[in-house]
Each structure stands twice: as C-alpha cells, then as structure tokens.
Amino acid sequence: MTHSMSELTAVLTAPGRITRPGKGDAMHRLIVELYPVCRSITGDGMRASLLRIKECVGLTLHEVPTGTRAFDWRVPREWNISNAYIRNSRGETVVDFRNSSLHVMSYSVPVHTRMPLSELRHHLHSLPAQPDLIPYRTSYYTEDWGFCLSHAQLESLDEGEYDVVIDSSLEPGNLTYGEVYIPGEVTDEILISCHCCHPALCNDNLSGMALTTFLAAGLAESRRRLSYRFLFIPGAIGAITWLALNEETVSRIRGGLVVACVGDPGPMTYKKSRRGDAEIDRAAAHVLKHSGKPFSIREFSPYGYDERQYCSPGFNLPVGSLTRTPHGEFAQYHTSADNPDFVRSEPLEESLATYMEVLDVLDKNETYVNTNPHCEPELGRRGLYAGTGGQSPPAEEQMAILWVLNLSDGTYSLLDIADRSGLPFTMISSAAGRLREHGLLEKRGVRP
Ligand SMILES: [Zn+2]
C-alpha cells in the first residue's frame, strides 16, 4: 500500500480547514504499514521508514558518519539486526524476533550461545505488573544484549538449557535522519520535530511520524509567510546531532513543536517551551482554549522528548511539545499494547487539525498599524458596520473589527488582540484582512 503525494494532499486542504474526511484513516494506514519495521536510533529500519515517508513528502535523507562529534556526544555505531530467537532444549522457539521487534533489546550486541535459564534470566526483561505485555528496552550506549517478553511467558519457561541467538551487527556506519524544508515568503522558520527511533510502538512514536508527514504534505500545498522545517530524527542523539550541524539555521527558528503521542484518545496536552511565554506557547494555548474541547497546559521540564535539546540553555529555542496523553502517562506506553489498535483515526485527525491551527496562528500573527487612528473611521460607509444600530452586544465579527482598529498601534500583534479581546484568532485575523482591503490597516513599518 502506498500513498502518493496526490492522495495525501487530496485529503489535506487549506490550513485548518477540513473539507473531506479521511486524513485520520490515511495516517492510520501509514502507521500500520510502518509498524513491523524494526527501527532504532540508527540502521536500516530507520532508513526504510524514512524512504517510505519520502514517497509522501519531499524528504531529504541525511547520513552522518559514526564518530561525528555533536557537542558532548559522538554519533554511535550503526546497529542492524536480521534475526533473533531463544530455543529450548527440545528445539522449540520460545521467543522469536520475527513475531515482534520488541522481543530484542535495541542495540543488543550479537550473541550465539547456550546457557541455563538461571543465567539467561539476567538478560530477560518483563513487566510483572502487566504480565501479558512485552516491554520496550534499549541499551544504546552500554554494550549489552537482552530479550523482552511477557511476564506470563517468562514464568512459563522451564529450567534447563536454551540456545540464544541474536544476529545483529554494531559497526561503523551512519546516523540517518530525514528533513523537509518548505520555504515561505520570509526565512524565519518554524521547526517541527519528531523522533523515529522506536520499533513496533504506535502512539509513541509512529503517530508522531504520521502526523509530521501529513502536516508537511499539507503545508507544502499552500502559500505560507513563514518557512517550515520538519525533522524526522532518532530521539536525543538525532536532535543533538542536527543542532550541532546546523547552528546557522538555528538562529532563524522562530518557534517549534515536538510531535509525539498524537493518536490516543486522551485530551490534547501542550508542554510549554523553556521560555514559557514565547509566541508558540501563546499560540498553542490560544488554539486549545478556543477548541471547545478538554485540554491541559503544562510548564516546561527538562525531561520528555527532544524539547530537552532544543530548550537546552545554549539554544533556549521557543520549542514546545503538543501531544495528547503525555509519555509515560498511558498504560500502553513502551509496551506491546501501544499497537495499531490503541491509536485511532479520529484523534489522529483532530491532532493534525490542531497542529494546522497553531501553525496558522504563527503564520498570520502580524502586527499592524491603524491608518486612521484619530477616532473611529466611518465604518458604515465602507460596509464594515452593521446597518441597524442599537444591537447589544454587537456581533462578535463587529467587535473583532473594533478591537483590531483600537489595538493596532504597532505594538499589539493579532494574537495579542485575540487574547485581550477573548475572540478567536481566526475572527481577529479575518477582521484584519477586511480592514486591510479598505486601507484602514497596514503592516507595521510600512510608513517611513
Ligand atoms: Zn519513547
């Protein structure tokens, strides 16, 4: 199953507007397709996933060699795996990588050995509190190997000898990441970043990969004022490496969002940037407050996804994270239950629409000057005032025009006006558009 660019974009329309259903279903199909691919922070699984996304959007694959310095880190060796299993003394395969890529601890070194269960146990990971689920475990920076299995299965293993095989390789290679850049009218840019390093896990992180793909495809189809950059990277080391190699670009980043956990049924959650009052923080809060749906807003903390890197003090970028249920707060997190049944089309579609709305606010959030600041202009003769007086309170559209005229003194942006008036940004923005058409508003700095 493939999604052509036209299929992707056919279901995406002008930003923030939904004219046809189906984006959520298409995102879910992409998740199902990528689910079996064994991804890690490097290797062919990551490469194959990015090549698949490349069929949907104009993605550039970058390969950064092992050993490349990235601030205090170095790009690790590349990890690949072809097969892994545990076989009992009767020759029965009791754990098989081919059934789930979660069965092998990511970055396990190669193993071909035989050992008793008492010894093997040190390398087996399970979840006693969730006995039917397989956990997700990694050992990127410490040489180790391990298998993950359900606690019920672990309990069923009898004592005795086991053949243990991990056909993996850990060799000099590359760290692969994907990048989509969509130039706008100005070079100020918005950064959208998702991690792509988890194997068979859907909400964290395939939902973020799918949303980022569709968001990029949607934005590529419309004229935008700002430029947009989308990063598909391995968690932590990917962001660190990108920041180290792109310090020049960083100065153009005006705001950003880290995408993850956008397919579960929980309410939207916005985690603020380290700055806390950046434009992105206010735009996300504004959209969620006017969504009419439950939401929560959280302060920044130096944990979580790659906002940790973007908001490190040396960069302090205005980058927040927009999720549904945050990492670690849903029972399926980092287990085999974070599967394609857990993520659904409806929340995926709603998350995408919310992202579109937030980016729309950033794109249209300009500061204007009222060209007729001495008393109100005569709106009636311009068709900008309701014909019949006395209506109380006036329609919101009317109030939006009055608010934009009153506050557009070159210091209030449209988002400032939306927040101060309590009216939705979309209404304030369209009022500003009408006033501009009538020459009553101009961009700040136009006059000498
Ligand atoms: Zn994770």
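**Figure 1. The whole chain, by its contacts and its make-up.** Among contacts (heavy atoms within 4.5 Å) in the protein chain between residues at least 6 apart in sequence, 79% join residues at least 24 apart. This is a predicted model, where local features need pLDDT of at least 70, side-chain atom pairs count only at pLDDT 80 or more, and totals for chains, interfaces and linings use all residues. Numbering runs from 1 along each chain as its sequence is written, and side-chain values use heavy atoms, with hydrogens and water left out. The protein chain holds 14 helices and 19 strands; helices (H or I, at least four residues) and strands (E, at least two) are DSSP runs, numbered from the N terminus. Its C-alpha trace spans about 90 × 40 × 40 Å along the principal axes. Of its 448 residues, 57% count as buried, where buried is under 20% relative accessible area, exposed over 50% and partly exposed in between (1.4 Å probe, protein chains only).

Figure 2. Helix 2 covers residues 23-34, and its 12 residues should span 16 Å at 1.5 Å a residue; the end C-alpha atoms sit 17 Å apart, which agrees. The expected span is 1.5 Å times one less than the number of residues. Buried residues here include Met 27, His 28, Leu 30 and Ile 31. The buried set packs against helix 3 (44-54), helix 6 (202-220) and helix 11 (345-364).

**Figure 3. Helix 3 and its partners.** Gly 45, Met 46, Arg 47, Ser 49, Leu 50, Arg 52 and Ile 53 are buried in helix 3. Those buried residues pack against several elements, among them helix 2, strand 1 (60-65), strand 4 (78-87) and helix 6.

**Figure 4. Helix 6 against helix 11.** The two axes come within 10 Å and cross at roughly 50°; axes are lines fitted to C-alpha atoms, for helices over the stretch in contact, with angles from 0 to 180 degrees between N-to-C directions. Helix 6 and helix 11 are therefore oblique to each other (under 35 degrees is roughly parallel, over 145 roughly antiparallel, 65 to 115 roughly perpendicular, the rest oblique). On the helix 6 side, Ser 207, Leu 211 and Phe 214 are among the residues that meet helix 11, whose own contact residues include Leu 348, Tyr 355 and Leu 359. By class, this contact has 9 nonpolar, 3 polar and no charged residues; Ala, Val, Leu, Ile, Met, Phe, Trp, Tyr, Cys and Pro count as nonpolar, Asp, Glu, Lys and Arg as charged, and the others, Gly among them, as polar.

**Figure 5. Helix 13 against helix 14.** The axes of helix 13 (residues 414-421) and helix 14 (residues 425-437) come within 9 Å and cross at roughly 125°. That pair is therefore oblique too. Leu 414, Leu 415, Ile 417, Ala 418 and Ser 421 of helix 13 meet Phe 425, Ile 428, Ser 429 and Ala 432 of helix 14.

Figure 6. Most residues other than glycine have a negative phi, and most peptide bonds are trans. The bond from Asp 204 to Asn 205 is cis, with omega near 25°, and Asn 205 belongs to helix 6. Ala 236 has a positive phi, near 60°, and lies in the loop between strand 12 and helix 7 (237-245). Cys 375 also has a positive phi, near 70°, and is exposed at 67% relative accessible area.
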